[in-house]
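Trainee: I am new to this one. Could you take a close look at the charged pairs for me, and then show me what surrounds them?

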Amino acid sequence: MSISAPARVLARAAAVLALTLSMAAGTTGLLSGTEAHALPVTEGSLAFSGDEGDWISGGQSYAYSTASQDQLSISADTAGNGVHLSVDGANGDWWSLDLTAPSGRTLAPGTYTGATRYPFNEPTEPGLDLSGNGRGCNTLTGEFTITDVELGPQGYVEKLDASFVQHCEGGSTAARGEVHIANPAPPAQLDLGLAVALDGAASSLNGKATVHGTVSCNKPVRVDVAGDITQVKSQKLIRGSFSTSVSCTPGAPVAWTATAVPTGDVPFQRGDVEVETRATATDPDYAQPVTVSETVAVRLKRA
C-alpha cells in the first residue's frame, strides 16, 4: 500500500517524536547551537552500510542522492558548530545525520574522534548521530572525518564532504557512511533600509498624526512598517502607534505612509514629535526575519 506525501510526513513526525522520547529518558544534554532553517540540497548524496548486527543499518546498504530524486535538506547551526542533514527517500525511507565539533568550535576539516550521541554529547566531545526509519541509538560512540566544508550565512551549507563510523550502545559492530553536498554559492542576505521623513501632518479634524518615509531592499520582500509617535504639549503626553505594509522591490526606494491614533483624549498637534519606526521583512532565501529601526524628530504641520 502506498502512502501519500502528507500522510508520510505525519507518520514520520509521530515516529520521530516517539523515538526521541524513548531515547531521551535519563539523558541530560544541551543543544550546542541554534539550528537554522534547512534548505534543499541542489546536488548531494548520503550512503551508508553496516556490519551484521548493527542496529541502525540492520547489516544492509543504503544510498540516496538528488540524482535519484531523493530529497536532501541541510543546515548548519548559527554558530557554524555543526551540520544537520535530513533525507526523504523516493522510496519512503527517512534518515537524519548530525555532525558537530566540540562546543565553541567551528566545524572544520579534520578527524573528530571520541564522538558521542548528538545533542547529548559533552561540551568537550564531538557530536554524531545517524538515525531514521524508526531506528536510533540510545548511546553511541564513533568518529567522523570532515574532508571539506564551506558554510555560508544563516546556516547555509555550500559544501560538505565527510565520512563517519558509528557504534550503537557500546557495541563493536558499526554503521559506516559518507555524505557529499555541493550547493551553489550562498545567496546574499536581505539588506533592508528604512528612512523616515522629517515632516508629517496633524489632522485638525480627528487628531491623528500621519508620518511617511521609504524602505529599500536588495531582493523582493513584503515589508511591515510599524512604530510609535510621542508628543508633549502643555505638559501632556500624547502617544499613538502606527503600522502599514508595502511591497519592496530592488532598485528605487518604496514609499510608505502610516497614521497614528492618539491613545487618550488629547489630539496630536502641530509641532515636534518623536517617531520610533521599525521595518521588518523575512529573508526569502534564509527564512529569517530582518529588522531595522530609526528614531527621528519629525515636525507635524496642521492638516
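**Salt bridges and their setting**

Mentor: Start with Asp228 and Arg278, which form a salt bridge whose closest N and O atoms are 3.9 Å apart. Asp228 lies in strand S15 and Arg278 in strand S18, so this pair ties together parts that are 50 residues apart in sequence. Keep in mind that the model is predicted. Now look at the cover over each partner. Asp228 has 18% relative accessibility and counts as buried, because buried means under 20%. Arg278 has 36% and counts as partly exposed.

Stay with strand S18 for the next pair. The side chains of Lys219 and Asp283 meet in a salt bridge, 3.1 Å from N to O. Lys219 sits in the loop between strand S14 (209–217) and strand S15 (221–233), while Asp283 belongs to strand S18 (residues 271–283), so the pair ties together parts that are 64 residues apart in sequence. Are these two residues buried or exposed? Both Lys219 and Asp283 are buried. Lys219, Asp283 and Asp285 are linked in a network of salt bridges.

Move to another charged pair. Lys159 and Asp148 join their side chains in a salt bridge at 3.1 Å, N to O. Lys159 is in strand S10 (residues 157–168) and Asp148 in strand S9 (residues 140–151), 11 residues apart. Lys159 is partly exposed, at 31% relative accessibility. Asp148 is partly exposed too, with a relative accessible area of 21%. In total, the structure holds 6 salt bridges.

Charge also meets a ring here. Arg135 lies over the face of Trp55, 4.4 Å from the ring centre.

Next, the strands. The protein chain has 1 helix and 19 strands. An open sheet is built from 11 strands, with mixed pairing, in the order S1-S4-S5-S6-S8-S7-S9-S10-S11-S2-S3. Its edges are strand S1 (39–40) and strand S3 (61–65), each of which pairs on one side only. S9 and S10, the strands of Asp148 and Lys159, stand side by side in that order. Further along, strand S2 (residues 43–50) pairs with strand S11 (residues 175–182) in the antiparallel sense, over 8 bridges.

Phe48 leads on to the rings. The structure holds 6 aromatic pairs. One of them joins Phe48 and Trp95 edge-to-face, 4.9 Å centre to centre with 75° between the planes. Phe48 lies in strand S2 and Trp95 in strand S6 (residues 94–100), so they tie together parts that are 47 residues apart in sequence. Phe48 is buried, with a relative accessible area of 3%. Trp95 is buried as well, at 1% relative accessibility. A second pair has another geometry: Tyr112 and Phe144 are stacked, 4.9 Å centre to centre and 15° between the planes. Tyr112 is in strand S7 (residues 110–117) and Phe144 in strand S9, 32 residues apart. Tyr112 and Phe144 are both buried. Then return to Phe48. Together with Tyr62 and Trp95, Phe48 forms one aromatic cluster.

Finish with the whole chain. Of its 303 residues, 42% are buried. Among contacts with a separation of 6 or more, 63% involve residues 24 or more positions apart. The accessible surface comes to about 15100 Å², and 52% of that belongs to carbon and sulfur atoms.

Note on methods. Residues are numbered from 1 along each chain as its sequence is written. This is a predicted model: local features need pLDDT of at least 70, side-chain atom pairs count only at pLDDT 80 or more; totals for chains, interfaces and linings use all residues. Side-chain values use heavy atoms; hydrogens and water are left out. Two strands pair if DSSP finds at least two bridges between them. Helices (H or I, at least four residues) and strands (E, at least two) are DSSP runs, numbered from the N terminus. Buried means under 20% relative accessible area, exposed over 50%, partly exposed in between (1.4 Å probe, protein chains only). Contact means heavy atoms within 4.5 Å. Accessible areas come from the Shrake-Rupley method with a 1.4 Å probe; for residues, only the protein chains shown count as cover. A salt bridge is a side-chain nitrogen of Lys or Arg within 4 Å of a carboxyl oxygen of Asp or Glu. Rings of Phe, Tyr and Trp (its six-membered ring) pair if their centres lie within 6.5 Å; planes under 30 degrees apart count as stacked, over 60 as edge-to-face and the rest as tilted. A charge sits over a ring if NZ of Lys or CZ of Arg is within 6 Å of the ring centre and within 35 degrees of the ring normal.
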